[in-house]
Number of protein chains: 2
Amino acid sequence: MPEKKAVLFIVDGLGGRPTDMDGETCLEAAETPNLDGMASGGINGLLHTVKRGVKPGSDVAHLSILSYDPEEGYTGRGVFEALGYGMDATKGNIYFRTNFATVDGDVVQDRRAGRINEGQKELEEAINSIDLEDAEFNFKATNQHRGALELVGDNLSPHITDTDPHESGEKMKSCEPVTSSKEAEKTAEIVNQFIEKSREVMEDLDINDRRKEDGEPPANCLLLRGASHMMDVETLEGKYDVESTCVAAGPLYLGVAKQVGMDVRTPDGATGGVDSDLIAKAKTAVSEVDEKDFVFIHAKGADNAGHDHDAEGKKKFLEKVDEAVGYLLDKLDWNRTHMVFTGDHTTPVGYGNHTAEPVPVVFYGSEVRTDSVEEIGERSCARGDLGHMEGLELLPVLFNYNDWTEKYGS
Amino acid sequence: MPEKKAVLFIVDGLGGRPTDMDGETCLEAAETPNLDGMASGGINGLLHTVKRGVKPGSDVAHLSILSYDPEEGYTGRGVFEALGYGMDATKGNIYFRTNFATVDGDVVQDRRAGRINEGQKELEEAINSIDLEDAEFNFKATNQHRGALELVGDNLSPHITDTDPHESGEKMKSCEPVTSSKEAEKTAEIVNQFIEKSREVMEDLDINDRRKEDGEPPANCLLLRGASHMMDVETLEGKYDVESTCVAAGPLYLGVAKQVGMDVRTPDGATGGVDSDLIAKAKTAVSEVDEKDFVFIHAKGADNAGHDHDAEGKKKFLEKVDEAVGYLLDKLDWNRTHMVFTGDHTTPVGYGNHTAEPVPVVFYGSEVRTDSVEEIGERSCARGDLGHMEGLELLPVLFNYNDWTEKYGS
């Protein structure tokens with residue numbers, strides 16, 4: 001008997017609303033012969049990644065789908081971004097997402113410092129030269145205005161507020177504890193001290209002098225958000241005895257995968273945007289399936305198009321997803337593989353942000369009890385035999401088809 | 001973009017059983033063109049207001065539907081009745097529903113003192129003249145035998161038994177603590193002291209002398225039930241940032257609405273019975289929608305008819321509900337409104353009391369993923385794309401369509 005394999009394909013922001021495309025969702029309107037084939041040959045339903053009525057952020061949605069309850073130890077997005085950007089994360093330290101921003105006095109004039117695309121090294125070195133009294137830290141500038149910050153120390157707490165006001169034109173915020181613990185108070189003080197010192201060292205850097213001369217917004221402040229720590233959770237291998245790889249480009253998804261102990265791969269051409277080469281991802285996935293038990297492929301572009309109110313872009317990206325699914329259907333060994341296709345949340349193009357409606361979910365493979373659904377879609381899958389399920393149930397259901405899960409009781 | 005609006009229409013005791021009307025439920029048998037239109041243009045399912053298999057009281061069902069978990073602080077119905085009768089409620093005080101009753105010795109001969117419809121003022125004044133050693137109190141007589149009692153004091157507990165035996169012919173009960181706390185013991189003692197004194201002052205009132213002469217059962221005792229306190233919960237506005245109104249007539253529903261911080265309206269002609277003017281309620285709702293974000297309309301009569309084993313009466317009332325829904329469909333602005341229609345529990349006319357079967361639920365509005373259901377009904381809605389949902393999920397799902405809810409995670 002061949003060794004079994006499991007594949008999870010998540011399309012970020014997969015779901016939509018009938019107002020997206022004149023009575024149809026983008027997924028319903030898209031030409032998706034391969035996904036329709038998967039639905040016809042599989043069992044279909046709807047997935048609430050957290051719970052019915054809950055509008056999930058991408059971090060929480062992915063944790064749930066990978067069977068980690070966000071209620072048990074999720075503190076924020078920072079640690080996943082830091083991991084995704086290649087930082088190592090250590091239990092007890094605190095992680096933030098950061099933006100280079102332009103401030104005048106206390107007012108944030110541009111949260112992204114004009115999407116600055118130069119001088120990251122100079123800025124990073126300047127910031128890393130700061131001395132703090134009560135903690136060490138590591139800062140990493142990544143692409144454009146983005147970066148990650150690690151605060152290293154004893155008795156630190158992630159239960160503190162963002163300094164990022166989340167909107168240009170607003171005052172930057174002082175970091176405050178959100179619990180009354182000494183740890184949170186101390187951490188907030190350290191952060192405020194860090195922010196003050198970082199402003200001092202950033203203000204007169206050559207890069208900023210040059211930008212000011214050229215009329216470009218200077219990167220004279222670092223905004224912090226998503227304070228969080230490593231979750232103290234068992235790895236996916238510990239939970240299910242599976243070796244696994246995540247194929248993704250977006251740092252958040254790579255970071256969540258690392259948090260749960262997966263290997264990660266980002267093939268050339270995979271961008272985390274609508275222009276991503278999904279066939280490259282599918283190829284990488286197929287080769288990873290040879291080595292590993294479980295492969296998770298993430299495709300981001302549908303969410304981006306949803307946030308950009310771009311219905312045609314979302315539809316086109318979903319058609320690219322369909323081609324990648326076609327590649328997998330063609331190349332994987334269906335004598336030994338079960339695959340699930342789903343999304344992490346709905347991102348209607350009208351609203352342009354996440355909403356709580358469930359997303360289609362299809363399980364495919366030889367052991368699946370097929371149903372009468374004949375095409376992929378929010379409404380077609382609603383009539384499938386799976387009914388409504390929740391994120392935490394997804395991997396147990398998938399791995400059950402491979403007879404990988406443990407019996408409860410005897 | 002216009003400001004969005006949300007409407008909740010609850011029919012008390014909406015659900016039924018096939019034995020109600022010769023193989024059909026009253027809802028299935030009723031002529032309901034407007035509700036059928038709402039079902040056709042909406043998404044349908046079944047609602048378990050608490051959980052599958054749980055037979056909900058009206059108080060608990062309404063708390064759940066308004067997204068307040070009764071497990072978190074529900075102690076009894078008294079406080080809602082008191083609020084609904086226009087008493088102010090203060091945290092820490094204890095509230096009861098009361099009946100004027102006729103007792104002989106310790107035996108309750110008539111739990112409603114012949115549905116007494118006179119002398120309420122005299123009885124109320126006599127009772128309010130009592131002095132208690134360890135607590136203050138306020139008593140309010142309302143309609144017929146009904147009233148509400150507030151016990152004011154420190155360290156009082158709602159964890160005490162009813163003095164009402166719930167059946168005529170039984171002995172009235174002594175109030176007993178149901179936990180071993182000092183507070184419950186003290187509160188039970190105060191209640192027993194109050195009952196004794198109230199019997200003394202009621203016995204020889206003019207109204208009772210007159211009733212005895214006329215062969216009418218005297219109101220010579222007050223029965224207490226539903227001891228409870230204000231729930232320590234956030235208001236609906238605090239939870240969801242919505243201003244809201246409840247349009248209802250029954251004191252329980254007005255009281256639950258007040259508990260969660262809603263404004264309340266009872267239009268002329270709204271009675272809380274089968275004779276209620278539901279078009280008056282719908283008109284009030286439409287005008288409240290202009291002022292508020294969220295309006296909850298309650299219609300009670302279907303439950304009354306169910307309790308009275310009156311299948312024709314329930315069917316007719318549901319046809320009146322349908323007209324009111326037609327008025328709303330006609331008058332509300334569907335470019336900005338989402339509405340949900342459902343019930344709080346099943347009240348089959350055969351059994352004549354609440355049962356645990358789920359009730360139909362329909363969400364309607366532009367963002368809803370419509371399904372293939374074409375008429376309202378317990379069995380038709382069961383085939384809708386919503387599947388089975390629970391009460392606590394109802395407002396999050398409704399408000400999600402208006403993009404009013406917060407993201408969990410980022």
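**Stop 1: where the chains meet**

Start by showing chain A and chain B together: in this predicted model, about 2,300 Å² is buried between them, and carbon and sulfur atoms give 44% of that area. To see who takes part, select the contact itself, with 34 residues from chain A and 25 residues from chain B. Now show side chains for A:Arg17, A:Arg52 and A:Lys55. In chain A, these three lose the most area to chain B, together 30% of what that side buries.

Do the copies meet through the same or different surfaces? Through different surfaces, because only 3% of the interface residues of chain A are also interface residues in chain B.

**Stop 2: the axis**

**Stop 3: the eight-stranded sheet of chain A**

Chain A has an open sheet of eight strands with mixed pairing, and you can walk across it in the order S10-S9-S11-S1-S12-S13-S2-S14. Strand S10 (263-265) and strand S14 (387-390) are the edge strands, each pairing on one side only. From one strand to the next, the twist averages 25°.

Zoom in on residues 42-48 and 359-364 of chain A. These are strands S2 and S13, an antiparallel pair held over six bridges. Within the pair, A:Leu46 stands opposite A:Pro360 of S13(A).

Helix H3 (residues 58-65) lies across strand S1 (5-11), S2, strand S11 (294-299) and strand S12 (337-343), running at about 160° to S1(A). Helix H9 (residues 251-259) also packs on the sheet, where it touches strand S9 (244-247), S10 and S11; the direction of H9 makes about 160° with that of S10(A).

**Stop 4**

Select A:Gln144, in the loop between strand S6 (136-141) and strand S7 (146-152) of chain A. Most residues other than glycine have a negative phi. A:Gln144 is not a glycine, yet has a positive phi of about 50°. With a relative accessible area of 22%, A:Gln144 is partly exposed.

**Stop 4: the sheet of chain B**

Bring chain B back. Here the open sheet of eight strands, again with mixed pairing, reads S9-S8-S10-S1-S11-S12-S2-S13. At its edges stand strand S9 (263-265) and strand S13 (387-390), each with a single partner strand, so one side of each is left without a neighbour in the sheet.

Which way do S1 (residues 5-11) and S11 (residues 337-343) of chain B run relative to each other? They run parallel, joined by seven bridges. Look for B:Ile10, which stands opposite B:Thr342 in S11(B).

Then select helix H10 (residues 278-291) of chain B, which lies across S1, strand S8 (244-247), S9 and strand S10 (294-299) at about 170° to S10(B). Helix H14 (residues 391-401) of chain B packs on the sheet too, touching S1, strand S2 (42-48), S10, S11, strand S12 (359-364) and S13; its direction makes about 105° with that of S13(B).

**Stop 5: a hairpin and a loop in chain B**

Move to S3(B) and S4(B), which pair in the antiparallel sense over three bridges. B:Thr102 stands opposite B:Asp110 in S4(B). Two residues lie between the strands of this hairpin, and B:Gly105 takes a positive phi near 65°.

Follow the chain onward to B:Arg115, in the loop between strand S4 (107-110) and helix H5 (120-128). Phi is positive here too, near 45°, in a residue other than glycine. B:Arg115 counts as partly exposed, at 43% relative accessibility.

**Stop 7**

Finish by colouring the buried residues of H5(B): B:Gln120, B:Leu123, B:Glu124, B:Ala126 and B:Ile127. Seen down the helix axis, these residues fall within an arc of 165°, so they line one face of H5(B). In an α-helix with 3.6 residues a turn, residues three or four places apart point the same way. The face turned away carries the exposed residues B:Lys121 and B:Glu125. To see what covers the buried residues of H5(B), show strand S3 (94-104), strand S5 (136-141), helix H6 (182-203), helix H7 (206-213) and strand S7 (221-228) of chain B, which are among the covering elements.

How values were computed: Residues are numbered from 1 along each chain as its sequence is written. Chains are lettered from A and ligands numbered from 1 in the order in which they are written. This is a predicted model: local features need pLDDT of at least 70, side-chain atom pairs count only at pLDDT 80 or more; totals for chains, interfaces and linings use all residues. Side-chain values use heavy atoms; hydrogens and water are left out. Helices (H or I, at least four residues) and strands (E, at least two) are DSSP runs, numbered from the N terminus. Buried means under 20% relative accessible area, exposed over 50%, partly exposed in between (1.4 Å probe, protein chains only). Contact means heavy atoms within 4.5 Å. The arc is that of the directions from the helix axis to the C-beta atoms. Two strands pair if DSSP finds at least two bridges between them. Axes are lines fitted to C-alpha atoms, for helices over the stretch in contact, and angles run from 0 to 180 degrees between N-to-C directions. Buried area is the accessible area (1.4 Å probe) that two parts lose on being put together, summed over both.
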